[in-house]
Amino acid sequence: GIKVFGLLQIVLANEFITKNTLVVFDEPENHLHPKWQLKLAEVLVELVSQGVYIIVSSHSPYMIEALERYSALKGLEGSCSFYLAENNKVENKSQLPEIFALLSEPFDEFRQLDAKVLHDE
């Protein structure tokens, strides 16, 4: 899971990523503990603050929220956009509630299962 950190270290050390570079990450949080997802988001936001353009595709609420919060801490909230791809269209959801609602659907199912277990007891 931490391969993404090693890859970043190599490309940065060899100056493959510099100001105005566009970097695309497709689910970089795969195989990362949630705590490391936050660290990765922090690193990505730091790169953005240095003029690197980054696109991240993610299904992780940890990654998405961390990107939002670290961007706000760096004063970059106006530079970041969050999009939701659903039903063959992509919409800007910069307020994020709808994204988080969709990503939390598994937890809703867990609550229903818990309620069923309690009801059956």
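Strands E3 and E4 form a hairpin with two residues between them, and Asn87 in the turn has a positive phi of about 55 degrees. Helices (H or I, at least four residues) and strands (E, at least two) are DSSP runs, numbered from the N terminus. The model is predicted: local features need pLDDT of at least 70, side-chain atom pairs count only at pLDDT 80 or more, and totals for chains, interfaces and linings use all residues. Residues are numbered from 1 along each chain as its sequence is written, and side-chain values use heavy atoms, with hydrogens and water left out.

The pairing of E3 with E4 (residues 89-92) is antiparallel and runs over four bridges; two strands are taken to pair if DSSP finds at least two bridges between them. Within this pair, Leu84 has Glu91 of E4 as its bridge partner. Tyr83 also belongs to E3 (residues 83-86). Beyond residues up to four places away in sequence, Tyr83 touches Val90, Glu91, Asn92, Lys93 and Ile99, where contact means heavy atoms within 4.5 Å. Between Tyr83 and Lys35, 48 residues apart in sequence, the C-alpha to C-alpha separation is 23 Å.

The largest nonpolar core has 25 residues, of which Leu8, Leu40, Leu44, Leu67, Phe82 and Ile99 touch the most other members. Such a core is a set of buried Ala, Val, Leu, Ile, Met, Phe, Trp, Tyr and Cys residues joined through side-chain atoms within 4.5 Å; buried means under 20% relative accessible area, exposed over 50%, and partly exposed in between (1.4 Å probe, protein chains only). Two or more residues of this core come from each of helix H1 (3-13), strand E1 (22-26), helix H2 (34-49), H3 and helix H4 (97-103). H2 supplies the largest share, five residues.

In H1, the buried residues are Val4, Phe5, Leu8 and Val11. Seen down the helix axis, these residues fall within an arc of 135 degrees and so line one face of H1, the arc being that of the directions from the helix axis to the C-beta atoms. They pack against E1 and H2. Leu8 itself touches Ile17, Phe25, Leu40, Val43, Leu44 and Leu47, not counting residues up to four places away in sequence. The face of H1 turned away from the buried side carries the exposed residues Lys3, Gln9, Ile10 and Ala13. Just after H1, Glu15 takes a positive phi of about 60 degrees.

Ser71, located in helix H3 (residues 61-73), is buried, with a relative accessible area of 3%. Apart from its neighbours within four places in sequence, Ser71 is in contact with Val45, Leu76, Glu77 and Cys80.
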